[in-house]
Amino acid sequence: MTTEALAVARGATTYARLMVGVPVPTLVEGATGIALLADGRVERTLAFTFVHDRIAVIDITIDPARAARTDVTLP
């Protein structure tokens, strides 16, 4: 595993501990992503940037107020 992949895996593990709500595949600000919903509200988001069919960047919003203002397209 590369250093970058290890860093992403560690970050994802840390984020998973903070997970609140139900993960739903979405578009977050037009990018492929996941929204975590609690009581029908967007609590957190993850947006993925792909480069050569691999995730290059994960933009995470953990502040519920900011996540609520984010453009999220639910299925």
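The model, a predicted one, is built around an open sheet of five strands in the order 4-3-2-1-5, with antiparallel pairing. Strand 4 and strand 5 (72–73) sit at the edges, each pairing on one side only. Two strands are taken as paired if DSSP finds at least two bridges between them, and the elements themselves are DSSP runs numbered from the N terminus (helices are H or I with at least four residues, strands are E with at least two). Strands of a sheet pair through backbone hydrogen bonds, either parallel or antiparallel.

Residue numbers start from 1 along each chain as its sequence is written. Because the model is predicted, local features need pLDDT of at least 70 and side-chain atom pairs count only at pLDDT 80 or more, while totals for chains, interfaces and linings use all residues, and side-chain values use heavy atoms, with hydrogens and water left out.

Now for the strand pairs, one by one. Strand 1 (residues 22–28) runs antiparallel to strand 2 (residues 31–38), and seven bridges hold the pairing. Within this pair, threonine 26 faces glycine 33 of strand 2. The two strands make a hairpin with two residues between them, and glutamate 29 in the turn has a positive phi of about 55°.

Strand 2 then pairs with strand 3 (residues 41–51), again in the antiparallel sense, over six bridges. Here leucine 37 is placed opposite valine 42 of strand 3. This hairpin too has two residues between its strands. One of the residues to look at is aspartate 39, which lies in the loop between strand 2 and strand 3. Aspartate 39 is not a glycine, yet its phi is positive, about 55°. At 73% relative accessibility, aspartate 39 counts as exposed; the cut-offs are under 20% relative accessible area for buried, over 50% for exposed and partly exposed in between (1.4 Å probe, protein chains only).

Strand 3 and strand 4 (residues 54–61) are antiparallel as well, joined by seven bridges. Leucine 46 stands across from isoleucine 60 in strand 4. Aspartate 53 is exposed, at 77% relative accessible area.

On to the inside. The largest nonpolar core has six residues: Val24, Ala35, Leu37, Val42, Ala67 and Val72. Such a core is a set of buried Ala, Val, Leu, Ile, Met, Phe, Trp, Tyr and Cys residues joined through side-chain atoms within 4.5 Å. Valine 72 touches Thr26, Leu27, Ala35, Val42 and Thr45, leaving out residues up to four places away in sequence; contact means heavy atoms within 4.5 Å.

Leaving aside neighbours within four places in sequence, proline 64 is in contact with Val42 and Glu43. Proline 64 and valine 42 are 22 residues apart in sequence, but 7.1 Å apart in space, C-alpha to C-alpha. Proline 64 has 36% relative accessibility and so counts as partly exposed.

Glutamate 43 also has a charged partner. A search of the whole structure finds one salt bridge, the term being a side-chain nitrogen of Lys or Arg within 4 Å of a carboxyl oxygen of Asp or Glu. Glutamate 43 forms a salt bridge with arginine 41, with the closest N and O atoms 3.2 Å apart. Glutamate 43 counts as buried because its relative accessibility is 13%, whereas arginine 41, at 46%, counts as partly exposed.

Finally, the surface. Phe50, Ile55, Ile58, Ile60 and Ile62 form a nonpolar patch with about 400 Å² of accessible area together. Accessible areas come from the Shrake-Rupley method with a 1.4 Å probe, and for residues only the protein chains shown count as cover. Strand 4 supplies the largest share of the patch, three residues. Isoleucine 55 is in strand 4 and counts as partly exposed, at 45% relative accessibility.

Terms used:
Patch = residues over 30% accessible without salt bridge, like charges linked within 9 Å, V, L, I, M, F, W, Y side chains within 5 Å.
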